[in-house]
Amino acid sequence: MNTTSSDGHDEYHTLLARRDAMRLRQQLLSPSARPDAGAGPWASAARRAHGQPYDGAADQQVITRQLPLVTPFGKLIGHLYDAMFERHPYLRALFPDSMDFQRVHLERAFWYLIEHLDQPREVADFCARLGRDHRKLGVQPVHFEVFEQALAEALRRSAGPRWSEELEQAWLRMVRFAVGAMVDGAAGALAEPPYWNATVTAHELRGPDLAVLRVRPAEPFPYQAGQYTRIQTPLLPLTWRPYSIACAPRPDGELEFHVRRTAPGGVSDALVTRTRAGDQLRLGPAQGSMVLDGDPARDVLIVAGGTGWATARALLEELSRRPLHRGTHLFVGARTLDELYDTAALARLEKNCSWLRVVPVIGEESGAAESGSVADAVARRGDWSGHTAYVSGPPMMVTATVYGLTALSLPPDRIHHDPVDTALPPAARPSRAGAPVAITGG
């Protein structure tokens, strides 16, 4: 009796959800709801993202001037999700049980948009990649309409009596512009899967909190050395975390990941302590622009800390395959000698690549070529202004190294780095090269 009642209750709410989604979709497609004939607000924004004018700088000034009304963003985002789930409870099923990571991710996205809004082409390119990646979550254009409605309500709740039409419209134009590019990105990737099913072929512990996983996708997985992907384990449905791919593309299609357990109960915990060979994972599309450039004339500087070695290893494997080997310096940092967990691969690369010079940097123990911070070790070693640099590792290390290299006259457009945590206000962030996500896992 109770089971039947529960099933009927679930079916009733499923039907309500479908009707709600149909109504929103009709609103989205209705000519009367669109500012220009034959296109919704997202399509209009998408066209602006591809050449037609959008005055992002003007909206940036309005939003920045009135930031105190809606910051810290934790409160605004709390109001946003409250409004969204109050109006459309069925959407809660699209999100993981814990919303903490999602809230931080959205906060970083807001800061990224605000800081870069005067560069619409950069924002459009970033959001197109984001839209391609969001297909794995089941996000549809109709969900963006719901998001806009919830954002408008959240702005009113956060600003209170100081709310203004000018503030709300600037925010909505910014979000519509970003969403237009996301919709374009998703549409442009229709020929590829939203995610790849993959099988763990090997799982090796390299310490109590670190594992090396080899994974074989069921279908060819396109990527370049230096990129990352997001991983979902069936142990935590709907929860995706980014991890760098620790190898250049291989003939057998296998991928390698180096995962450090960062906290109990998260994806990293599941991958390190509860995953075995034969288990299934899902992989999102490859992302990231930290790939090798095509200029054979420049020497290369690679700086890696912790599991940032995964990215460095992939780049070195790719360099070893190129006919014109450039001189390469690798600084690889760890807190202790024991945390240089992949010394066999490092020694093999150093032995087989005459163009490679390796400088280990140990933070807590002596006995290595260098001691102290990686950023300081790089600064002590000379002039890097003629190099192209690649930096990967913990956000603080990446930030310090990027600052240091910039101070040493290495042009910013030749410093490629892992995305860093951009949850801080724009003035506190190191550069515009990073995207709003950190390759750390959780």
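How many of the six residues of strand 5 are buried? Five of them are, so strand 5 is largely enclosed by the rest of the structure. By buried I mean under 20% relative accessible area, with exposed being over 50% and partly exposed in between, using a 1.4 Å probe and protein chains only.

Okay, some housekeeping before we go on. This is a predicted model, so local features need pLDDT of at least 70 and side-chain atom pairs count only at pLDDT 80 or more, while totals for chains, interfaces and linings use all residues. Residues are numbered from 1 along each chain as its sequence is written, and side-chain values use heavy atoms, with hydrogens and water left out. When I say helix or strand, I mean DSSP runs numbered from the N terminus: H or I with at least four residues for helices, E with at least two for strands.

Two strands pair, by the way, if DSSP finds at least two bridges between them.

Within strand 5, Leu255 stands opposite Val215. Elsewhere in the sheet, strand 1 and strand 6 (residues 280–283) pair antiparallel over four bridges, and Thr199 has Gln280 of strand 6 as its bridge partner. Touching, or contact, means heavy atoms within 4.5 Å.

Now, the charged residues. There are 23 salt bridges in the structure, where a salt bridge is a side-chain nitrogen of Lys or Arg within 4 Å of a carboxyl oxygen of Asp or Glu. One of them joins the side chains of Glu256 and Arg313, at 3.1 Å from N to O. Glu256 lies in strand 5 (residues 255–260) and Arg313 in helix 10 (residues 309–321), so the pair ties together parts that are 57 residues apart in sequence. Glu256 and Arg313 are both buried.

That pair belongs to a network of salt bridges linking Glu204, Arg206, Arg250, Glu256, Arg313, Glu317 and Asp342. Have a look at Asp342, in the loop between strand 8 (328–334) and helix 11 (343–352). What does Asp342 contact, leaving aside neighbours within four places in sequence? Arg206, His258, Trp309 and Arg313. With Arg313 there's a side-chain to side-chain polar contact at 2.8 Å. A polar contact is a pair of N or O atoms within 3.5 Å; within protein, one must be able to donate a hydrogen and the other to accept it, and residues adjacent in sequence count only if both atoms are side-chain atoms. As for Arg206, it is 136 residues from Asp342 in sequence and 8.3 Å away in space, C-alpha to C-alpha. Asp342 is buried, at a relative accessible area of 8%.

Another salt bridge joins Asp269 and Arg261, with the closest N and O atoms 2.8 Å apart. Asp269 counts as buried at 10% relative accessibility, whereas Arg261 is partly exposed at 27%.

And disulfides? A search of the whole structure finds zero, a disulfide being a pair of cysteine sulfur atoms within 2.5 Å. Among the cysteines, Cys127 is buried with a relative accessible area of 2%, and Cys353 is buried at 5%.

Last stop, the backbone. Most residues other than glycine have a negative phi, and most peptide bonds are trans. Here, though, Thr71 and Pro72 are joined by a cis peptide bond, with omega about 0 degrees. Pro72 is in the loop between helix 3 and helix 4 (73–87). Leu238 has a positive phi of about 70 degrees although it is not a glycine, and its loop runs between strand 3 (228–232) and strand 4. Ser409 has a positive phi too, near 75 degrees, and is exposed, with a relative accessible area of 55%.
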